[in-house]
There are 6 protein chains.
Amino acid sequence: MPQPDHISVLGVPDAASLDDDLQAIWAKCVEKLGFVPNVYAAYSLRPQRLRNFMQTYNEIMLAPSGLSKLEREMVAVVVSSANRCYYCLVAHGAAVRRLSGDAELGEMMALNYRVAKLPPRQRAMLDFTWKLTTTPWLIDDVDREALRTHGLSSEDIFDLAETAAFFNLSNRMASATEMTPNREYHRADR
Amino acid sequence: MPQPDHISVLGVPDAASLDDDLQAIWAKCVEKLGFVPNVYAAYSLRPQRLRNFMQTYNEIMLAPSGLSKLEREMVAVVVSSANRCYYCLVAHGAAVRRLSGDAELGEMMALNYRVAKLPPRQRAMLDFTWKLTTTPWLIDDVDREALRTHGLSSEDIFDLAETAAFFNLSNRMASATEMTPNREYHRADR
Amino acid sequence: MPQPDHISVLGVPDAASLDDDLQAIWAKCVEKLGFVPNVYAAYSLRPQRLRNFMQTYNEIMLAPSGLSKLEREMVAVVVSSANRCYYCLVAHGAAVRRLSGDAELGEMMALNYRVAKLPPRQRAMLDFTWKLTTTPWLIDDVDREALRTHGLSSEDIFDLAETAAFFNLSNRMASATEMTPNREYHRADR
Amino acid sequence: MPQPDHISVLGVPDAASLDDDLQAIWAKCVEKLGFVPNVYAAYSLRPQRLRNFMQTYNEIMLAPSGLSKLEREMVAVVVSSANRCYYCLVAHGAAVRRLSGDAELGEMMALNYRVAKLPPRQRAMLDFTWKLTTTPWLIDDVDREALRTHGLSSEDIFDLAETAAFFNLSNRMASATEMTPNREYHRADR
Amino acid sequence: MPQPDHISVLGVPDAASLDDDLQAIWAKCVEKLGFVPNVYAAYSLRPQRLRNFMQTYNEIMLAPSGLSKLEREMVAVVVSSANRCYYCLVAHGAAVRRLSGDAELGEMMALNYRVAKLPPRQRAMLDFTWKLTTTPWLIDDVDREALRTHGLSSEDIFDLAETAAFFNLSNRMASATEMTPNREYHRADR
Amino acid sequence: MPQPDHISVLGVPDAASLDDDLQAIWAKCVEKLGFVPNVYAAYSLRPQRLRNFMQTYNEIMLAPSGLSKLEREMVAVVVSSANRCYYCLVAHGAAVRRLSGDAELGEMMALNYRVAKLPPRQRAMLDFTWKLTTTPWLIDDVDREALRTHGLSSEDIFDLAETAAFFNLSNRMASATEMTPNREYHRADR
């Protein structure tokens, strides 16, 4: 059984010891998903940071935006592919499969997004995502113009950039803590 | 005058049009710093995201932690050096100068942290920061053990990782929006 | 449906036009697997090269060796992960799942093999594989000694090296021809 | 005498112990070339793999193709230059010198192919070779179109790709076994 | 006080022991600058090499050329930024500030020259500088043509190349000897 | 004839138009070597820079030093290998062959110095050279200690560093001007 049996190598507090608001979220996760995502458990070592993380995450991934929820998950997976982040690839690969109903799309995003036959707008978004992740210091007006050509507004570019930027944060938290994804993600929506 | 005259290439809303809570923060910044940091102005294009950003930022950089505020700023600058992020190097380089009272320390963090003669604990923290920023997929137990050897607890490692991870987010927002630092930072605490 | 609908962008001959020996292999694949692997179809553009490819492949992956068949498939996937080869990751990821009965092992090999808790012998084999794939000019006695320490004989090192080397060949054929994996691999053994 | 005195660090069986078919090939090599290429000796540790290697090699380098034999050797050397493979650079550098009658061409292919003033078709082939070797995951339609513009057919692109792919295999075998080139290559056709 | 207190880790001879011509230069430096630049002190370990270094330096940086002195200093800083050379960034960053009267220009050159809004001719010069520093083997006619388009003559291209090449030398001397910049540079012309 | 027929793409003045001191050097080169090295011809576009270049070159490569002349040429070739500089590999590869009387040594230095079986002192020197060339910002005390362990004094380390640094200069001049080596080097001392 080569998958690690820890949630985070930094350790995870007993859920029963958490503040009430967090326990309520735990309960809601179990109700909706059947489990508490390990990223929350790992972050609960530092409760206020967890609260901020969840609030930021929810705004970026779920609030109204010119990018669809599927597109935001595609961005999440492409960032995680560049950073070879196991946790995020497994968890958000599952989200791409679920939201798209296309298991192969999830695989393509995780393994090499360039093989997917995507609408040019989405391809431009993912090319921007890759460059912003791997060589942010080279982003320039040409890159932003490519997005505007495909109809992205300033707000859309902001949201795209922040989604990519956020997973550059979360990938590093997952790597730093050797976060292990919940087993449920692996088989979901195949 | 080669420094750009925009705050963000995505545009910045008129401050007078912002919600009251944000205008109050603007006023407080002017009172305390003499200016509104351009990262806030740039983020105000998406007000709720700005609120989350400030809340996360304040927790990571100012809340109690096993890492001193200066150490957190040093981490911020080393991440930004790896990512060659002009905005963050200028703004947080100034913070290192201010908190340390050592202008050269700020320069060393921005240009090549390896030249600084630091206590081994800080050097280990910055080596971890550099690796987590540039090759997060290679972080392993050996890297974490090096931190524990210098006395970092699990919570300290969490805080170190999240500080580094956060500036991997903010560097990318600055690059994506071509954020220009406030001129005040350049001369401060030289 | 973002997965491409071609098998190879260089085109694939009508199976009915192939020589009898190849048609017999096609029939045997359908009987055993339910389909003809697309790598064979893509290679049939150049029939003698296909014959050589299959013969080499069968020897490397199936003939007696000090490396188990599962270990050889793990090597195949790790090479393909380094080279971000979609075809080989999908096809050989499925093989790892099938031979190990552990779907997560397949994912770990494809996404970042370092997260897997493997016996040290297998970890050493995969570290060698990664280095031989990404910086072959740096392989030296230290790398080979690490393998011998874990019990690999000269013949085992030869077989490990040739397995890794072979997928460095096949990854490049898949990328050069934009080879698309058979859909059957995606869901197999999840 | 800094050149190693081994043929392969994994050891080489006594030629007299090899199967008759291989001994016959050894004899033919001595007759034609004056020596047995060390790559064959190194591979004879695993006789069936040697047979497959020779058969694949002969088809790729000698069978009819839209690429001339010299062009295939140029590809071999450029791959080996990217991978800094001493054995293949020495052996195939000599082949370029012999087939072209131009010693400098061999040097340019080995050291930096971009300095050579080549027909645009050959330059396009070598640019494709370099990219397929160093970043195979980035190969796309634009790269293939550049080849078609210079008259390469689908079969030609296949052959070019397989030649490059094959030396990505053989370079890694040479590096993994620290294969030493026969001294005869060094002075040949200077 | 994290800045090192040595001038060079290889040691520096007592100034009083130097030949008269060098002592005269030392005196002139003190008179003009207020101090002897540490690069001279570090180089005085090998006096004749110091003489050659100064002569080359003076010709490249001060002799008549199609590039202004400020442009040459900008090139110096951009090379040093690519090579993350602390000594040269501090010393020549100060020179850019002094010659331009624009402290921010010095910061932009040191941290990421791409953020500066420069005349296209200067931007082309710095793009050439960056490429010549980081991947000299890829420089080709297209790169030189970009310079000619902005009016650079053959002599100007020569001078630009030699300036960039020279700082690739001096950066490596500074890194090899861990040269520490004189403190005076830090605050100058802020 | 794929070798370029220019000496430098920036053009070369008529030798008859050069100052007397340079014409005298030209004559001496012809007398001693049979030809004027093209690097001198290329540099004669800017005569005073040529004088400085020759003086620096002669001191570094020919003056008394703890490094033998052969060792300095080995360093020159290894730097040029890292930078894939055709001119310097051809010219200084010939020098290694001549000074060592070992043609294979020249090839190993140019293609991958790690295959050579060198005395540990020389291997340490070349490892330092490679690192100083490719990642100068990572050089630290450990690297210098490795040299001292093999008996290098501070002056020897200085000379080693300056030799490597100088070829980082000359490689870039050769690449920037597309300098073509004299044909005589190719066949010399094979």
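Author: Let's start with one term: a residue counts as buried when its relative accessible area is under 20%. Keep in mind that this is a predicted model.

Reader: Happy with that. How many residues of helix 6 of chain C are buried?

Author: Nine of the nine residues in helix 6 (residues 103–111) of chain C are buried, so the helix is largely enclosed by the rest of the structure.

Reader: C:M109 was on your list. Which residues touch the most other members of the largest nonpolar core?

Author: A nonpolar core is a set of buried residues joined through their side chains. The largest one here has 405 residues, and those touching the most other members are A:M109, B:M109, C:M109, D:M109, E:M109 and F:M109. Take B:M109 as a case: setting aside neighbours within four places in sequence, its contacts are B:M74, B:V77, B:V78, B:S81, B:A116, B:L118 and B:L126.

Reader: Is E:E107 buried or exposed?

Author: E:E107 counts as buried, at 10% relative accessibility. It forms a salt bridge with E:R190, and their closest N and O atoms are 2.9 Å apart. Because E:E107 lies in helix 6 (residues 103–111) of chain E and E:R190 in the segment after helix 10 (184–187) of chain E, the pair ties together parts that are 83 residues apart in sequence.

Reader: Which elements hold F:D143 and F:K131?

Author: F:D143 sits in helix 8 (residues 141–149) of chain F, while F:K131 sits in helix 7 (residues 120–134) of chain F, twelve residues apart. Their side chains meet in a salt bridge at 2.9 Å, N to O. F:D143 is buried, with a relative accessible area of 16%, whereas F:K131 counts as partly exposed at 24%.

Reader: Which residues are linked in a network of salt bridges?

Author: One such network links A:R46, A:R49, B:D159 and B:E162.

Reader: Let's move to an interface. How much area do chain D and chain C bury between them?

Author: When two parts are put together, the accessible area they lose is the buried area, summed over both. Chain D and chain C bury about 4,200 Å², with 58% of it on carbon and sulfur atoms. On the chain D side, D:R49, D:F158 and D:R172 lose the most area to chain C, together 19% of what that side buries. The contact takes 44 residues from chain D and 44 residues from chain C.

Reader: How many salt bridges and polar contacts are there between chain D and chain C?

Author: There are eight salt bridges, and 24 residue pairs are in polar contact across the interface. Helix 9 (154–177) is among the elements of chain D that give two or more residues to this side. Helix 9 gives the most, with 16 residues. By class, the chain D side has 21 nonpolar, eleven polar and twelve charged residues.

Reader: Which residue of chain C meets D:E178 in a salt bridge?

Author: That is C:R144, at 3.0 Å, N to O. The backbone oxygen of D:E178 also lies 3.0 Å from a polar atom of the D:H6 side chain. D:H6 is found in the segment before helix 1 (20–33) of chain D. Leaving aside neighbours within four places in sequence, D:H6 is in contact with D:E178, D:T180 and F:K117.

Reader: How far apart are the nearest C-alpha atoms of chain B and chain D?

Author: They are 18 Å apart, and these two chains do not touch.

Key: Residues are numbered from 1 along each chain as its sequence is written. Chains are lettered from A and ligands numbered from 1 in the order in which they are written. This is a predicted model: local features need pLDDT of at least 70, side-chain atom pairs count only at pLDDT 80 or more; totals for chains, interfaces and linings use all residues. Side-chain values use heavy atoms; hydrogens and water are left out. Contact means heavy atoms within 4.5 Å. Buried area is the accessible area (1.4 Å probe) that two parts lose on being put together, summed over both. A salt bridge is a side-chain nitrogen of Lys or Arg within 4 Å of a carboxyl oxygen of Asp or Glu. A polar contact is a pair of N or O atoms within 3.5 Å; within protein, one must be able to donate a hydrogen and the other to accept it, and residues adjacent in sequence count only if both atoms are side-chain atoms. Helices (H or I, at least four residues) and strands (E, at least two) are DSSP runs, numbered from the N terminus. Ala, Val, Leu, Ile, Met, Phe, Trp, Tyr, Cys and Pro count as nonpolar, Asp, Glu, Lys and Arg as charged, and the others, Gly among them, as polar. A nonpolar core is a set of buried Ala, Val, Leu, Ile, Met, Phe, Trp, Tyr and Cys residues joined through side-chain atoms within 4.5 Å. Buried means under 20% relative accessible area, exposed over 50%, partly exposed in between (1.4 Å probe, protein chains only).
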